[in-house]
There are 2 protein chains.
Amino acid sequence: MDLIEKLIAAQRAKRSLAVLGVDPQLDSKTAPGVPSGYTLARFCCEIVEACAPYVAAIKPQLAFFEARGLAGMQAFAEVLALARRLGLVTIADAKRGDIGTTSAAYAEAFLGNGDFACDAITVNPYLGSDALAPFVARVRSGRGLFVLVKTSNPSSGEFQDLAAPDRPLWEAVAARVRGWGGDFVGAAGLSPVGAVVGATWPEHAARARELMPHAVILVPGYGAQGASAADAIVAARPDGLGAIVNASRSLMYAFAKRPELKPGDAAAEAAAAMRDELNAALTTAGKTPPG
Amino acid sequence: MDLIEKLIAAQRAKRSLAVLGVDPQLDSKTAPGVPSGYTLARFCCEIVEACAPYVAAIKPQLAFFEARGLAGMQAFAEVLALARRLGLVTIADAKRGDIGTTSAAYAEAFLGNGDFACDAITVNPYLGSDALAPFVARVRSGRGLFVLVKTSNPSSGEFQDLAAPDRPLWEAVAARVRGWGGDFVGAAGLSPVGAVVGATWPEHAARARELMPHAVILVPGYGAQGASAADAIVAARPDGLGAIVNASRSLMYAFAKRPELKPGDAAAEAAAAMRDELNAALTTAGKTPPG
């Protein structure tokens, strides 16, 4: 199965648009990092296993593993091995993008068959088409990518919203995403060349859907970043497909608000609630939850 | 010493603008990857040690280590440990950029004190100021960054040259680099918030220097990518500082053209020649080689 077939099967089997962001925060005054009594790998794996019935995919954030050095990368590989055993779709949230043979090496790292291999990767478009070509080439091996189009952070508009020259830069990127993915639109009308469009900017989601009718849109910003379920499902098609919605901290750190539960149990409860909220929002919007 | 002091000291001690790109290519029909009889770490370390007298810094390319999974990351850590022992300035060519706590985690990974800690990192500006702020914050710990402004690849202009709206996007990014680095200009008139400006677009280098008078400009594209020494030194100041020039394949794979030499010896010969070529180009341009 290719990425789109896997994603659709997972969304239907789990009746869910939800994606678990595996973002083990660094220790700080405001974030608990890895709970006491856990290793990094055990913490992440407990969360992944517990949430598996409720999420269509997992999206590990490379930064939080790299920040812990070699031990972190070992934990990342363990999380992926578990996800493969559980049949979960995996999206490396790596936001890579470089030139020529370097982009090809990143594609090998994250869309190949090694320790860090995933089904899809997030990529940065700033360097243009030739930088993304090695990732797009992996579509033929069943892999996929999500191009950063409109991000969810406060400074997102600083460059992405610049008029370039007759439309915002992010719309120019969206137009290219449509082009890159055009050759790979499958039976469901979706392409494995997808896009990241933050839910914190819901006014852009409908426009993104227009500009990229075949892209699976990966929506960050739901949960801890403040976007609502109604904001998050704007880009979903009437059949509930074509958009997946990520939450990270609100699932992984659900235990902070439910101290009587194990982290995995608290995360599962939060993931089930997220799935239900997204499906309710779909229904309210006159769309059909997948399943 | 902070990044700028280290870089200036290295440039003067070695009389060199050269940076060794540590890019161990993947095995392919056209690239030899790791030479037979070598491990990845031993190959990279031999090259780094041999080139150390001739280069101001090394710039390992993360992609080529990540593509080799956990063993690759172990080799990356070994290369950095050697570089620290040799007192070399290290630039993680990681082109990272993400939001909030994620960018902070990348900054911890590459500008902290762990296995992957370097003196500086390359970063991608597409997400805007708040994404880069955690890297800029590390300047106070003596670290630095090089923001991708104008890259050296063929599709570089696809987004970077869009009129946005009254000047190219890359110039808008350059203006922000000046702003981000403005608080940190040191005695030499240089800021540890630097920029990447590809030597394959020499017409942009002079403009980049105007727009970012205090940025150290990291110039890729010299050597295998085809830019000349004269192209590469356009952004250097009259005193030979303010620009550093990377070459990767032409140094690491110099042994392919000199099969009678060990890889390290061939690389050292090529690095010395590169240094001399860059210094000759400075002299021709009426500038003074550092030293």
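Residues are numbered from 1 along each chain as its sequence is written, chains are lettered from A and ligands numbered from 1 in the order in which they are written. In this predicted model local features need pLDDT of at least 70, side-chain atom pairs count only at pLDDT 80 or more, totals for chains, interfaces and linings use all residues, and side-chain values use heavy atoms, with hydrogens and water left out.

User: In what order do the eight strands of the closed barrel in chain A run?
Analyst: Strands are DSSP runs (E, at least two residues), and helices are runs of H or I with at least four; both are numbered from the N terminus. Two strands pair if DSSP finds at least two bridges between them. The pairing in this barrel is parallel, and the order is S1-S2-S3-S4-S5-S6-S7-S8.

User: Which residue in S2(A) is the bridge partner of A:Val22?
Analyst: Strand S1 (residues 18-22) and strand S2 (residues 57-60) of chain A pair in the parallel sense over four bridges. In S2(A), the partner of A:Val22 is A:Pro60.

User: Which residue in S8(B) is the bridge partner of B:Val219?
Analyst: Chain B also has eight strands closed into a barrel, with parallel pairing. Its strands S7 (residues 215-219) and S8 (residues 243-247) pair over three bridges. The partner of B:Val219 is B:Val245.

User: At about what angle does helix H5 of chain A run to S3(A)?
Analyst: Contact means heavy atoms within 4.5 Å. Helix H5 (residues 100-111) lies across strands S3 (89-96), S4 (120-123) and S5 (144-150) of chain A. Its angle to S3(A) is about 155°.

User: What area is buried between chain B and chain A?
Analyst: Here 61 residues of chain B are in contact with 61 residues of chain A. Buried area is the accessible area (1.4 Å probe) that two parts lose on being put together, summed over both. Carbon and sulfur atoms give 61% of it, and the total is about 4,800 Å².

User: Which residues of chain B lose the most area to chain A?
Analyst: Three residues together account for 18% of what that side buries. They are B:Leu70, B:Tyr126 and B:Phe159.

User: Which residue of chain A forms a salt bridge with B:Glu158?
Analyst: A salt bridge is a side-chain nitrogen of Lys or Arg within 4 Å of a carboxyl oxygen of Asp or Glu. Between chain B and chain A the count is six. For B:Glu158 the closest N and O atoms are 2.7 Å apart, and the partner is A:Arg176.

User: Which element gives the largest share of the side of chain B that touches chain A?
Analyst: Elements that give two or more residues to this side include helix H4 (69-85), helix H5 (100-111) and helix H8 (169-181) of chain B. The largest share is seven residues, from H5(B).

User: How many residues apart are A:Lys262 and A:Glu46?
Analyst: Their side chains meet in a salt bridge (4.0 Å, N to O). A:Lys262 is in the loop between helix H11 (249-252) and helix H12 (263-284), while A:Glu46 is in helix H2 (residues 40-51) of chain A. The pair links distant parts of the chain, and the separation is 216 residues.

User: What is omega for the cis peptide bond that joins A:Ala164 and A:Pro165?
Analyst: Most residues other than glycine have a negative phi, and most peptide bonds are trans. A:Pro165 lies in the loop between helix H7 (157-160) and helix H8 (169-181) of chain A. The bond to it from A:Ala164 is cis, and omega is about -15°.

Key: Axes fitted to C-alpha atoms, helices over the stretch in contact; angles between N-to-C directions.
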